[in-house]
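Welcome, and please open your viewer with a selection tool at hand. We will go from stop to stop, picking something new each time.

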Amino acid sequence: MQIKMTLKAPVDYLYQQLIDSAQADIQQQTGRPAPKQSLQGFQYEKKWHNGMVGSLKVTHAEPGVRYAYELETPHDHYLVDYQFTRDGDNDAGLTYAETFLGKDKKTDANNRIGVMLLGWFRKRRFKKMMGQMAATYYQ
């Protein structure tokens, strides 16, 4: 799934919001503060309420340009990528991409069906979330 959008907030502000969220998740999951330097290359174990466990690795953390991570679970390999462009002083271009790779053919087929059936709702929810994040810049 790929989403391109323009947001009414500076790139640096939006990027920092993503990093703050990632650092809060690291703190919650590990019980230790996130590294103060770049998160690039940082890896930790992530646990969900349903008992699933995965390994998350930050693959890119380039301030104001790109934030990306890989998440390995027992069934899937997720790739998530946020890429920013400066579209003026207070406008940011965002290209968001996520890919689900199933570890077997059945899981891969289920992922494709899920994206096909729920993709529109997921895109809508993502756009709303990013719009709300951008709106906090003016508050």
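Start by selecting D25, which sits in helix α1 (residues 11–30); helices (H or I, at least four residues) and strands (E, at least two) are DSSP runs, numbered from the N terminus. This is a predicted model, in which local features need pLDDT of at least 70 and side-chain atom pairs count only at pLDDT 80 or more, while totals for chains, interfaces and linings use all residues. Residues are numbered from 1 along each chain as its sequence is written, and side-chain values use heavy atoms, with hydrogens and water left out.

Is D25 buried or exposed? D25 is buried, with a relative accessible area of 15% (buried means under 20%, exposed over 50%, partly exposed in between, with a 1.4 Å probe and protein chains only).

The side chains of K46 and D25 form a salt bridge at 2.9 Å, N to O; the term means a side-chain nitrogen of Lys or Arg within 4 Å of a carboxyl oxygen of Asp or Glu. K46 belongs to strand β2 (residues 43–47) and D25 to helix α1, 21 residues apart. Like D25, K46 is buried.

Next, select R86 and D12, another salt bridge, with the closest N and O atoms 3.0 Å apart. R86 is in strand β5 and D12 in helix α1, so this pair ties together parts 74 residues apart in sequence. R86 is exposed at a relative accessible area of 54%, whereas D12 is partly exposed at 43%.

Then pick K8 and D91, whose side chains meet in a salt bridge of 3.5 Å, N to O. Here both partners are in loops: K8 between β1 (2–7) and α1, D91 between β5 (76–86) and β6 (92–102), 83 residues apart. K8 is exposed, with a relative accessible area of 55%. The count of salt bridges comes to 6.

Move on to W120 in helix α2 (residues 105–135). W120 is exposed, with a relative accessible area of 56%.

Finally, clear the selection and zoom out. The protein has 2 helices and 6 strands, following the pattern β-α-β-β-β-β-β-α along the sequence. Its C-alpha atoms fill a box of roughly 45 × 35 × 25 Å, taken along the principal axes. Of the 139 residues, 35% count as buried.
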